[in-house]
Amino acid sequence: MTLEPVIGLEVHVQLKTDSKLFCRCSTTFGADPNTQLCPLCCGHPGTLPYLNKKAVELLVRAGLGLGCKIAPHSVFSRKQYFYPDLPKAYQISQFDLPLAIGGKVEIPNGKGGLKTIHITRIHLEEDAGKLVHAIGNRELAYSLVDLNRAGIPLAECVSEPDLNSPEEAYAYLSQLKAAFQYLDISDCDMEKGSLRCDANVSLRPVGHTKLGTRAEVKNLNSFKAVKEAILYEIKRQTEILNTEGRIIQETRLWDDTLSATKSMRSKEEAHDYRYFPEPDLIPVDLTPAYLADIQSHLPELPEVKKNRFIKEFKLSEYDAGVLVGEKVLADYFEKAVSHATPETAKPVVNWITTELMGRLNAAKKTITESPVSAEHLAQLVGLIQKGTINGKTAKDVFTEMFETGGAPEQIVKSKGLTAVADEGAIGQWCDEALAEMPKAVEEYKAGKERAIGSIVGLVMKKSQGKANPQLVNQILANKLKK
């Protein structure tokens, strides 16, 4: 029996607010355990929640940005379950009347086109606390509870089961993350828990429409883990079904160390949570004017920016896609080309994606921590374009820029790195090189044009890398014709 995977993702994104969803406690990451809480966070009797207006605005922005229909009337519900890091024994969430429904994300289909992944809903809910099982490298024989995260505002984005491979899941997550960053609703930092993902994975015979029994995989804290966990589940479920076994609907945890999923508990259905309307919060009613105002302030989204980069700067689809994948990277590029000319856009992209990103990755830094400013990078490209320095010298200058944060023009001037464009001096070096390489001269004149490369190399060596390469090639070509 040939089986196909069917995958749906539930993505939880921490909204960019200063305070929690139903109280004024801070959302700042990295505080000491249990220092950012109040009686409401701790579930004390008699406490009353009040809704964070900013969180509603951010979720509406996310919904509008992804093409969702925003509900003018929505309500909160209590989702009942017991867990040590949930002091109230219920979570305030949205069930039958969420803020946003529908919407879509488009991903490459591998055939040069696009595949649409539909969004079921995006709703607002509070986060639970966190169980701590280790302190540093020391594993604990017990668990500790940190409630700093309890009450953090989350947007839960639930996809339809439209994904059919780990690669598609990765592409969907990448597009979703980029959209949320452009919409400025979250930093989406997975290391800080700002973006978390659960994957629902099932198999069914190819050609069938009925969904198979699914397993929900939790504890996916990186895009790599999402791909690997889905791949593992596909293999696990395939082996069971091919031996006439039965898939159990359950929640499973991804173990990064073992690169495997393991059973956590049987999967609850909606009725197991005993949802009922939250009696302490009034419904959320949004006016057409409120929605229109948010709609009018939506930023340019990744796909639109990508198409503009292709048209305006004549970039390839690949280059434009790399740039818009991270908003801060796209912003850096736009700032760089604003200090240059449109014709230098391609060289600017090359310097960003190769030299700059390579060094930043090696130094474990992000583009926002780059010691090379966008303006300075544009200046460096401009020096190359004008022939002030050649490519080899530019790499040496860039190294100093990265180490010191200095301006390229000052570095070139202080170190005397300006390219030599004196035809007399270059002609002298060319004569010396031709005299020292008679074999290369003979090969070139016999039709082996690539032989000129070794002669150019010797000229550059004699000039200590300062000769203008274009002028060297031109002068050599003229001399070799004689």
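Arginine 308 and glutamate 300 form a salt bridge, with the closest N and O atoms 2.9 Å apart. A salt bridge here is a side-chain nitrogen of Lys or Arg within 4 Å of a carboxyl oxygen of Asp or Glu. The model is predicted: local features need pLDDT of at least 70, side-chain atom pairs count only at pLDDT 80 or more, and totals for chains, interfaces and linings use all residues. Residues are numbered from 1 along each chain as its sequence is written, and side-chain values use heavy atoms, with hydrogens and water left out.

Arginine 308 is partly exposed, at 24% relative accessibility. Glutamate 300 is also partly exposed, at 27%. Buried means under 20% relative accessible area, exposed means over 50%, and partly exposed lies in between (1.4 Å probe, protein chains only). Both residues belong to a network of salt bridges that links Glu300, Lys305, Arg308, Glu312 and Glu334.

The search of the whole structure returned 31 salt bridges. One of them joins the side chains of arginine 149 and aspartate 127, at 3.2 Å from N to O. Arginine 149 lies in the loop between strand 10 (138–146) and strand 11 (153–159), and aspartate 127 in the loop between strand 8 (114–126) and strand 9 (130–135), so the pair ties together parts that are 22 residues apart in sequence. Helices (H or I, at least four residues) and strands (E, at least two) are DSSP runs, numbered from the N terminus. Arginine 149 is partly exposed, with a relative accessible area of 26%. Aspartate 127 is buried, at 7%.

A further salt bridge connects glutamate 326 and lysine 177, at 3.7 Å from N to O. This pair links distant parts of the chain, 149 residues apart. Glutamate 326 sits in the loop between helix 6 (317–324) and helix 7, whereas lysine 177 is in helix 2 (residues 166–182). Glutamate 326 is partly exposed, with a relative accessible area of 30%.

Eleven aromatic pairs were found in the whole structure. Rings of Phe, Tyr and Trp (its six-membered ring) pair if their centres lie within 6.5 Å; planes under 30 degrees apart count as stacked, over 60 as edge-to-face and the rest as tilted. Phenylalanine 309 and phenylalanine 333 make an edge-to-face pair, with 5.1 Å centre to centre and 65° between the planes. The two residues are 24 apart and link distant parts of the chain: phenylalanine 309 is in helix 5 (residues 302–313), phenylalanine 333 in helix 7 (residues 327–338). Both are buried.

Phenylalanine 398 and phenylalanine 402 have ring centres 6.5 Å apart and planes at 35°, so this pair is tilted. They are four residues apart in helix 10 (residues 391–404), a separation of about one helical turn.

Tyr81, Phe95, Tyr273 and Tyr275 form one aromatic cluster. Lysine 79 lies over the face of tyrosine 273, 4.5 Å from the ring centre. A charge sits over a ring if NZ of Lys or CZ of Arg is within 6 Å of the ring centre and within 35 degrees of the ring normal. The charged end of lysine 88 sits over the ring of tyrosine 90, at 5.4 Å from its centre.

The search found zero disulfides (pairs of cysteine sulfur atoms within 2.5 Å). The sulfur of cysteine 23 has its closest cysteine sulfur in cysteine 41, at 3.7 Å, too far for a bond. Cysteine 23 is buried, with a relative accessible area of 6%. Cysteine 197 is in no disulfide either; the nearest cysteine sulfur, that of cysteine 157, is 10 Å away. Cysteine 197 is buried, at 2% relative accessible area.
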